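This report goes through one structure part by part. Look at the chains first, then read on.

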Amino acid sequence: MSGDRQGLLQLEGLTKAFGGLLAVSRVSFDVAEGEILGLLGPNGSGKTTLLNLVAGALRADEGRVRLAGRDITCLPASVRTRLGIARTFQLVRPLSKLSALDNVLVARLYGRDAPGFTAARRESLQLLDVVGIRGKADAPAAHLTLMERKRVEIARALATQPRVLLLDEPLAGLNPTEVDAALNIFRRIRDSGITVVLVEHNVRAVRALCHRIIVLNYGQNVVQGAPDDVLARPEVIEAYLGKASADFQ
Amino acid sequence: MTILLQNAVFGLLIGGLYGLGAVGLSLVFGVLAVLNVAHGELIMLGGYVSVWLFTLWRVDPFVSVLAAGPLLFLGGAALFRLLFTRLASYSEEVRIKNSILIGFGLALVLQTLAILAWGADERAVTPSYAGRVAAIGNVVVPLSRLGAMALAFLVLGGLHLFLTRTRAGTALRATADDDQAATLVGIPIGRIYLTAFALGSALAGVAGALVSVSDAISPAIGLGWTLKALIVIVLGGMGNIFGTFVAGLFLGVAESMSGFLLGNAYREVVGLVMFLIVLSVRPRGLFSR
């Protein structure tokens with residue numbers, strides 16, 4: 001898929017080491033506009049580091065990141081957000097004293113094509129509706145449950161009007177009912193045309209949502225392709241089993 | 001009874017200024033984790049703006065507020081760029097420690113500059129209505145202090161609206177909550193830091209001009225105001241505007257009552273004792289949930 005279309009997000013030989021540990025090593029791939037790309041790999045395979053390099057939380061040692069052809073490798077995170085890269089965290093990190101609405105609102109006000117205050121407030125309420133917690137709009141984020149905070153975080157990421165949304169294990173810690181609810185939200189996001197890079201251990205979710213999967217191991221991309229093909233490959237099962245075999249259903 | 005009530009009224013009126021004086025410091029500390037112990041000196045400078053406008057052109061001190069606020073806003077922005085910008089890249093703990101050192105240095109410099117420029121004498125503003133009072137029953141209310149209190153309340157209401165109903169205000173609250181998370185939603189926190197410090201300084205300027213309405217201004221008043229502000233912030237809880245204002249009123253009343261009941265020597269002591277008790281029993285402030 002990456003060959004025949006100009007990638008919206010292009011990673012080229014990305015490398016990042018922490019001390020002597022090579023967390024990400026010469027990773028290259030393109031993500032096409034509107035694509036949902038799943039990133040799989042055992043713990044420690046460099047998935048989160050890769051997201052950090054794309055979002056700007058970490059600076060790459062080598063390699064380039066491009067968004068719509070523009071080199072963003074050296075831009076700070078806040079600028080990348082305004083250019084259209086949003087992310088959620090494995091460990092949710094809302095602004096805990098602010099209300100759910102304010103969390104989304106502040107993201108909308110400082111995102112791409114930010115409208116005036118009143119319009120931003122209205123749109124933020126709509127986003128809370130999309131993720132299904134409009135009723136908790138005025139509750140401080142610290143008082144919300146884990147699932148509710150994840151919903152706020154997704155709404156907050158969407159509020160920046162991203163072109164690319166990076167989701168870091170959004171389903172971790174959720175029970176099966178909550179996973180289904182979250183999948184419904186992701187389907188709505190997918191159908192709205194936003195490009196998504198999804199890091200997730202839940203294979204069922206990856207299979208249900210993603211157009212394409214890349215498997216990382218030891219910081220390198222091992223294999224990529226359509227979900228069903230990739231998940232059937234022996235080297236993937238080998239890389240993956242033992243760590244997260246319980247997720248295979 | 002009347003005399004008790006009279007003391008309470010005086011306490012409330014001075015307490016409004018304590019509240020306003022503390023809010024700027026609280027805002028700066030909340031957003032930047034910078035404890036600007038020269039905040040009282042900024043209040044002193046605000047007082048001098050009013051004194052000079054009155055001395056030169058007979059400008060009413062309530063009007064001078066409109067000059068003291070913006071002037072200190074600009075001055076605060078300059079001070080931040082000069083002295084505090086570099087701290088932003090350090091951890092919170094390092095920032096607090098170093099900002100206290102920088103603040104003490106700044107306080108000494110500002111105080112000395114004020115003495116050089118204007119002498120060490122006390123200066124007062126004497127508008128025509130200076131001595132006028134309104135009598136309610138047997139209790140007298142000095143009009144100038146009542147006006148200062150009302151204006152302080154208006155300014156705090158305005159600040160509340162700014163923080164909750166504007167883009168920059170929302171970003172300020174987000175940055176105060178978690179500056180890393182704020183960066184991630186695209187907030188340029190460097191600019192927010194600058195805004196917060198300038199705004200905190202402007203609030204000090206406004207407070208200083210209002211102090212001049214009823215009290216004399218001298219280069220030495222700064223430290224006293226910084227201390228009051230710290231007590232009020234601890235009583236009211238960090239980052240809670242109306243909590244801070246109410247704590248200011250509370251401190252004002254407590255001081256004037258104890259001054260009356262125990263003797264004037266104990267005025268200041270009571271505030272400090274409350275400070276210690278609250279710190280040890282309710283370290284997040286009287287009004288925290």
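## A parallel pair in chain A

In which sense do strand E6 and strand E7 of chain A pair, and over how many bridges? E6(A), residues 85–88, and E7(A), residues 164–168, pair in the parallel sense over four bridges. The model is a predicted one. Within this pair, Thr88(A) stands opposite Leu167(A) of E7(A).

The residues of E6(A) point in two directions: Ile85(A) and Arg87(A) go one way, while Ala86(A) and Thr88(A) go the other. All of them are buried.

## The open sheet of chain A

Strands of a sheet pair through backbone hydrogen bonds, either parallel or antiparallel. Chain A has an open sheet of four strands, in the order E2-E1-E4-E5, and the pairing is antiparallel. Strand E2 (21–32) and strand E5 (70–71) of chain A are the edge strands; each has a single partner strand, so one side of each is left without a neighbour in the sheet.

Strand E4 of chain A, residues 62–67, runs antiparallel to E5(A), and two bridges join them. Here Arg66(A) has Asp71(A) in E5(A) as its bridge partner. Helix H1 of chain A, residues 47–55, packs on the sheet and touches strand E1 (7–18), E2 and E4 of chain A. The direction of H1(A) makes about 60° with that of E2(A).

## Where the chains touch

How many residues of chain A are in contact with chain B? There are 19, and they meet 16 residues of chain B. The elements that give two or more residues to chain A's side are helix H2 (77–83) and helix H3 (100–109) of chain A. H3(A) supplies the largest share, five residues. By type, this side of chain A divides into nine nonpolar, five polar and five charged residues.

One residue on the side of chain B is Thr170(B), which touches Asp102(A), Leu105(A), Val106(A) and Leu109(A). Thr170(B) is found in helix H6 of chain B, residues 167–177. Is Thr170(B) buried or exposed? Thr170(B) counts as buried because it has 26 C-beta neighbours inside 10 Å, and the cut-off for buried is 20 or more.

## Annotated spans in chain B

An unreviewed UniProt entry places the feature "transmembrane region" at several spans of chain B, including residues 65–84 and 265–283. In the model, residues 65–84 of chain B are 100% helix and 0% strand, with the end C-alpha atoms 26 Å apart. Residues 265–283 of chain B are 79% helix and 0% strand, and their end C-alpha atoms lie 27 Å apart.

Definitions and conventions
Residues are numbered from 1 along each chain as its sequence is written. Chains are lettered from A and ligands numbered from 1 in the order in which they are written. This is a predicted model: local features need pLDDT of at least 70, side-chain atom pairs count only at pLDDT 80 or more; totals for chains, interfaces and linings use all residues. Two residues are in contact if their C-beta atoms, placed from the backbone, lie within 7 Å. Ala, Val, Leu, Ile, Met, Phe, Trp, Tyr, Cys and Pro count as nonpolar, Asp, Glu, Lys and Arg as charged, and the others, Gly among them, as polar. A residue is buried if 20 or more other C-beta atoms lie within 10 Å of its own, exposed if 12 or fewer, and partly exposed in between; C-beta atoms are placed from the backbone. UniProt positions are given in the numbering used here, feature names are shortened, and annotations may be inferred rather than shown by experiment. Two strands pair if DSSP finds at least two bridges between them. Axes are lines fitted to C-alpha atoms, for helices over the stretch in contact, and angles run from 0 to 180 degrees between N-to-C directions. Lists of a residue's contacts leave out its neighbours within four places in sequence.
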